[in-house]
Amino acid sequence: KDSGLFTRSVFVQISAYKRNGEWYDWLNANMNKFSAFTYYLIMNYEKYRDVILSTIAELKKALVKLKISDRVAENWAIVAGSFYAVIKQDKEFIKWVNKVCQEQKISGEDDHALNQFWNDVNYLIEKGKLSKDMFLLEGNELAIWYPGVYEEWALHYRSKTGKEPFDKNSIAAYVKEEPYYIDTKNKKINNKTRWAWIINIEKSPNIVKELADSMRTMSALV
């Protein structure tokens, strides 16, 4: 439920027909040893530091080169790179890591907080619950009055899920890491000065381009 934890974790998808209790039982039997292993690495930090950090850096660089997002690449590099450096140097394991990251990239991280946010914003626009006065389309740039949009989205999210929405500052931080983010600044939207995100539509994913298309359609109908 915590978006901060979500974006600092790695996820392993296992199809239902391949599941069995073997590894689950193994995890339960050995989980109390994991913290001891971590403690051992901390106590022997000087011995392992260079090899772990260099392996993490190399793996992250390789994943980013394959167009894996910086966030996903770093998460996997820390876990997989540490394993590779200290436990077992297995090239097949690294190939598997690359495959999983590529699959995550293709899936578009649909469950990520930012994707949920954009999906819901598009839905709220479609349902007329977000006014066009919260957005300004100028050429290839889209200005979004984030404080106003967030308040409406938070109400929708609580109603839809019964849970607390993702933190306002967390979503803003995720957006600022994206290649389509340009700036946050005061912008005249519907004759009112708003503190707005400035988004590059061309560099945006399809879900944000859909939002821009909705704004064009709404403007044309006026």
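This is a predicted model: local features need pLDDT of at least 70, side-chain atom pairs count only at pLDDT 80 or more; totals for chains, interfaces and linings use all residues.
**Packing of H6 and H8**
- H6 contributes Ala113, Leu114, Phe117 and Trp118 to the contact, and H8 contributes Ile171, Tyr174 and Val175.
- The residues of this contact comprise seven nonpolar, no polar and no charged.

**Two sides of H8**
- Ile171, Ala172, Tyr174 and Val175 are the buried residues of H8.
- They span an arc of only 160° around the axis, so they sit on the same side of H8.
- An α-helix has 3.6 residues a turn, so residues three or four places apart point the same way.
- Asn169 and Glu177 are exposed on the other side of H8.
- Asp167 caps the N-terminal end of H8. One of its side-chain oxygens lies 3.1 Å from the backbone nitrogen of Asn169.

- Buried means under 20% relative accessible area. Lys187 has 18% relative accessibility, so Lys187 counts as buried.
- The side chains of Lys187 and Glu138 are joined by a polar contact of 3.0 Å.
- Leaving out residues up to four places away in sequence, Lys187 touches Leu136, Glu138, Ala143, Lys192, Thr193, Arg194, Ala196 and Ile198.
- Trp145 is 42 residues from Lys187 along the chain, and their C-alpha atoms are separated by 8.6 Å.

Terms used
Residues are numbered from 1 along each chain as its sequence is written. Side-chain values use heavy atoms; hydrogens and water are left out. Contact means heavy atoms within 4.5 Å. Helices (H or I, at least four residues) and strands (E, at least two) are DSSP runs, numbered from the N terminus. Ala, Val, Leu, Ile, Met, Phe, Trp, Tyr, Cys and Pro count as nonpolar, Asp, Glu, Lys and Arg as charged, and the others, Gly among them, as polar. Buried means under 20% relative accessible area, exposed over 50%, partly exposed in between (1.4 Å probe, protein chains only). A polar contact is a pair of N or O atoms within 3.5 Å; within protein, one must be able to donate a hydrogen and the other to accept it, and residues adjacent in sequence count only if both atoms are side-chain atoms. The arc is that of the directions from the helix axis to the C-beta atoms.
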